[in-house]
Amino acid sequence: APQSTKDSLIRSLTRRAYDICSPQHLQHELQHIRTVLLDNSYPLSRIELVMHRTKQSIDHPATAPRHSEKHSAKVFIPYYPHVNKQISNILQRHSVSSACTSNKNLRDILSSTKSRQQAS
């Protein structure tokens with residue numbers, strides 16, 4: 001597996017231990033994670049480095065702006081293969097985030113309109 005995948009596994013297990021374990025069981029759980037990772041041929045130096053960085057990120061959360069603060073607006077655009085990535089890149093340059101929606105055909109539009117009228 002790629003190193004990024006292995007690091008992600010170490011981070012998620014470590015973060016989960018900090019989130020779930022009570023203080024009296026935390027060190028035991030972290031040691032168990034180390035043991036299991038070592039048994040699966042993860043290098044100890046890498047385990048310790050990623051666990052340390054994970055602890056630092058828990059103790060000192062990043063002060064980066066949240067997603068909603070970075071973008072001034074969000075648009076929903078229909079999904080079209082090979083086009084959406086280009087449109088999204090252009091929108092991001094103008095601080096606009098985007099999300100894809102499914103393509104609606106005429107049947108979908110008429111069906112949803114009919115069902116709304118019946119519900120009224």
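In which helix is R34 found? R34 belongs to helix α2, which covers residues 23-39; helices here are DSSP runs (H or I, at least four residues), numbered from the N terminus. The structure is a predicted model, in which local features need pLDDT of at least 70, side-chain atom pairs count only at pLDDT 80 or more, and totals for chains, interfaces and linings use all residues. Residues are numbered from 1 along each chain as its sequence is written, and side-chain values use heavy atoms, with hydrogens and water left out.

Apart from neighbours within four places in sequence, R34 touches I47, E48 and M51, where contact means heavy atoms within 4.5 Å.

The next topic is a pair of helices. Helix α1 (residues 3-20) and helix α3 (residues 44-59) have axes that come within 9 Å and cross at roughly 50°. Such axes are lines fitted to C-alpha atoms, for helices over the stretch in contact, and the angles run from 0 to 180 degrees between N-to-C directions. The two helices are therefore oblique to each other (under 35 degrees is roughly parallel, over 145 roughly antiparallel, 65 to 115 roughly perpendicular, and the rest oblique). Their crossing is right-handed, meaning that the near helix is turned clockwise from the far one by less than a right angle.

On the α1 side, Q3, D7, I10, R11, T14, R15 and Y18 take part, meeting R46, I47, V50, M51, T54, K55, S57 and I58 of α3. The residues of this contact comprise 6 nonpolar, 4 polar and 5 charged.

What makes up the largest nonpolar core? Its 10 residues are I10, A17, L26, L30, I33, L37, Y42, I47, V50 and M51. A core of this kind is a set of buried Ala, Val, Leu, Ile, Met, Phe, Trp, Tyr and Cys residues joined through side-chain atoms within 4.5 Å. Two or more residues come from each of α1, α2 and α3, and α2 gives the most, with 4 residues.

One of the core residues, Y42, lies in the loop between α2 and α3. Y42 is buried because its relative accessible area is 15%. Leaving aside neighbours within four places in sequence, Y42 contacts K6, L9, I10, L37 and I47. The C-alpha atoms of Y42 and D7 are separated by 9.8 Å, although these residues are 35 residues apart along the chain.

Methods:
Nonpolar A, V, L, I, M, F, W, Y, C, P; charged D, E, K, R; others polar. Buried < 20%, exposed > 50% of the residue type's maximum accessible area, 1.4 Å probe, protein only.
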